[in-house]
Each structure stands twice: as C-alpha cells, then as structure tokens.
Amino acid sequence: MIWTAAAVTAVVFMTQTASAQEQKPAPTPPPPTTAQQPAQQPAQQPEDLPPPTQTITVRVNEVDLVFTVVDRKGHFVTGLQQQNFGLLDDGRPPIKVRQFAQQTNLPLRVGIMLDTSSSIRQRFQFEQEAATDFLLQVMHPADRAFVEGFDVQTDVAQDFTNRVDQLDTGIRRLRPGGGTALFDSIYKTCRDEMLTLKQDFAVRKAIVLVSDGDDDYSRSLESDAIKMCQRAETIVYTISTNVGPSKDKGDDVLKDIADATGGQAFYPVKIEDVAIGFHNIEEELRSQYLLVYTPADFKQDGSFRTIYLQSLDPRYSVRTKKGYFAPKAEQ
C-alpha cells in the first residue's frame, strides 16, 4: 500500500473531527430555586443503606492498540500526540479515537518462555540468570508474570504471580533436555495462559521467548502459532541464543514471530549478552503508547482485520501488531 502525505493527513483529520464532534459538552441545567430545594434528609445508618447495585458489562467494539515509536538510531521516542499519527483499520480510518496516552505504567502480564531443549544445554544457565534479573527490574506491584520451559512439551514452572522469589524458584527448577516443539509451545501458551486471561482493566500482555528458533517436533505451523498470539492480543519479544557473527534459519523464525505481533527480535553477539536483550525489552515495555479506538464497518465475524499505523514524521517509525481477529458474534 502506498500512501501520499495528503492521504495520511486526511486520516488524522477525519479521526480528530469525529472525536471532536462527539466530545461537545452537555449544557448545564440551571440551579434549583430555594423553593425547589429538597428538605435535607438525615444521614442514613448502615442498616438503612440500599443493597449494592449490580455491575452490568456491555460489550463495546473497541480496539486497544499498544505501539512503540523509535527514531532512525533505534532510540525510543516519547511525548508524541495523537495528531502525529495516521491510522487505518482494515483500510479505513476509525470512527472515533477514545483514548491516546503514553502508557509507561500499564500493568503487565508477562510470560517468560525458556527453551529447555538439548540444543541450548550449555547456554541455559545464562538464560536463567538473565530471566531472573529481568523480572527483578520489570515487576511493579500491579504486574503479574509466569515462567515456562519447553522442549517437546511445555512445563509451567510458576503460574501468574507478583512474587519474584516464586518466579525465580520456577526458573531454577527447569532442566534442559529433549527435542524442540517451538510452534506447539507458543500456540499452547497463548491459548491457555493469555487468551483465557480476563481483566476488568487494560493490561499489556507480552511473552519473552528465549530460544534458538529451531523446531523439530511441532504439529502446528509457524503461521498457526502467530495467529494464536494475535487472537490472544499478545506481543512476543524474542531473544536468540544463536550467538555468532551470522544468522541462521532459526533467527528468521524468531523475527517473523516478533514482527507479526508487534514485538522485536534480539540477537546477542555472545551468550552473556542475553541479559542485554532482556534489558532492552524491559525498557521498551515502559516506553509505549496506548491507542483505543472504534473501528469503522466493524463486524463480529471472526475475520482478521489489518492495522496500518504510521508516524507523520518521517524520522520516526512505528512498531505494532499487524492486525487482530474480530470476535465472533455470540450465538
């Protein structure tokens, strides 16, 4: 798709116009006269209070889009505003942008997936130490994380918790050995841990995958794993354990998965640099934006809807997911 500057500007203008039209303040009613003032009622005692009201959840067709902006040197760019971006959802500008904010403290739901197959046996200790250091740095009181190892099967060593000591114990409990079912593991983890995660408030879901990217056992395809990540609205960051001057097939796999979900792939030069990859991910998770909008011509048909988000400043590039799956209408 080729955009002209005029087309991009039109997208932003349409978005702002729709937003402005729907934000007109309601007129303030005149204050009641003295004759209209109701008599003051005595304070209610606890036994006189009405029963608690029921909370009714209404389904709204909104998209929560988390994205990162970097300059040409890869440095994070913060402080931008809604008018600095052009957005298309399934080829059309949104009906309304409901929220735009820099989300440095949005609660995290993070999964640490460590490759425990035989191929990384000699590098496994560095993975464990770097993962623990990452959790010590990234975890805030409202955050939750889980730890999982995978070879031909997945092993959730510690389910969602805010306790770093428990997460560290789970990491230390993992042992390498066996083949590699990478795609099956990603598919199963997003399906069972992320897709089923229910929250009453906005959270940022992410997986940090440490692996060489090789797969010799999966029944699922790479595309199946990516689609499940997209259904679960989960960003995947990958850290390659293929240290060395050249990349191999596994590195391409890790990049494909990260790019499709709005994450990033990191390639340490030596195994000790795995910790740098974790540090870069921690920094990015606290340097992102949140855009909440209502898409145009939205249908609850389970189809995949593409997202095109662009900075109007050519010095900056945007990293976000390539799209999402619309929910299916309830039968």
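R305 stands opposite Y324 in β13, a detail of a predicted model in which local features need pLDDT of at least 70 and side-chain atom pairs count only at pLDDT 80 or more, while totals for chains, interfaces and linings use all residues. Residues are numbered from 1 along each chain as its sequence is written, and side-chain values use heavy atoms, with hydrogens and water left out.

Back to that strand pair: β11 (residues 304-311) and β13 run antiparallel over three bridges. Pairing here takes at least two bridges found by DSSP between two strands; strands (E, at least two residues) and helices (H or I, at least four) are DSSP runs, numbered from the N terminus. The pair belongs to an open, antiparallel sheet of three strands in the order β2-β11-β13. Its edges are β2 (85-89) and β13 (323-325), each with a single partner strand, so one side of each has no neighbour in the sheet. Neighbouring strands in this sheet are turned by 15° against each other on average, direction ignored.

Now for the other sheet. Six strands make up an open sheet with mixed pairing, ordered β6-β5-β4-β7-β8-β9. Here β6 (154-161) and β9 (265-266) sit at the edges, each with a single partner strand, so one side of each is left without a neighbour in the sheet. Within the sheet, β4 (residues 108-115) and β7 (residues 204-211) pair in the parallel sense over seven bridges, and R109 stands opposite K205 in β7. Helix α2 (residues 124-138) packs on this sheet and touches β4, β5 (144-150) and β7, with a direction at about 175° to that of β4. Contact means heavy atoms within 4.5 Å; axes are lines fitted to C-alpha atoms, for helices over the stretch in contact, and angles run from 0 to 180 degrees between N-to-C directions.

α2 also has a helix partner. Its axis and that of α7 (residues 274-285) come within 9 Å and cross at roughly 25°. That makes α2 roughly parallel to α7, a label given to angles under 35 degrees, with over 145 counting as roughly antiparallel, 65 to 115 as roughly perpendicular and the rest as oblique. From α2, E127, A130, A131, F134, Q137 and V138 meet V274, A275, F278, I281, E282 and L285 of α7. These contact residues split into nine nonpolar, one polar and two charged, where Ala, Val, Leu, Ile, Met, Phe, Trp, Tyr, Cys and Pro count as nonpolar, Asp, Glu, Lys and Arg as charged, and the others, Gly among them, as polar.

Helix α5 (residues 222-231) packs with α4 (residues 182-194) at about 20°, their axes 8 Å apart, in a left-handed crossing. In this contact, F183, I186, Y187, C190 and R191 of α4 meet E222, D224, A225, M228 and C229 of α5, which gives seven nonpolar, no polar and three charged residues. With α6 (residues 249-261), α5 packs at about 30°, the axes 9 Å apart, and passes in a right-handed crossing. E222, I226, C229 and Q230 of α5 meet V253, D256, I257, A260 and T261 of α6: five nonpolar, two polar and two charged.

As for confidence, the chain has a mean pLDDT of 85, with 81% of its residues at 70 or more; pLDDT is the predictor's confidence in each residue, from 0 to 100. Over residues 1-59 pLDDT stays under 50, and the model has 36 contacts beyond four places in sequence for them.

Technical notes:
Left-handed = near helix turned anticlockwise from the far one by under 90°.
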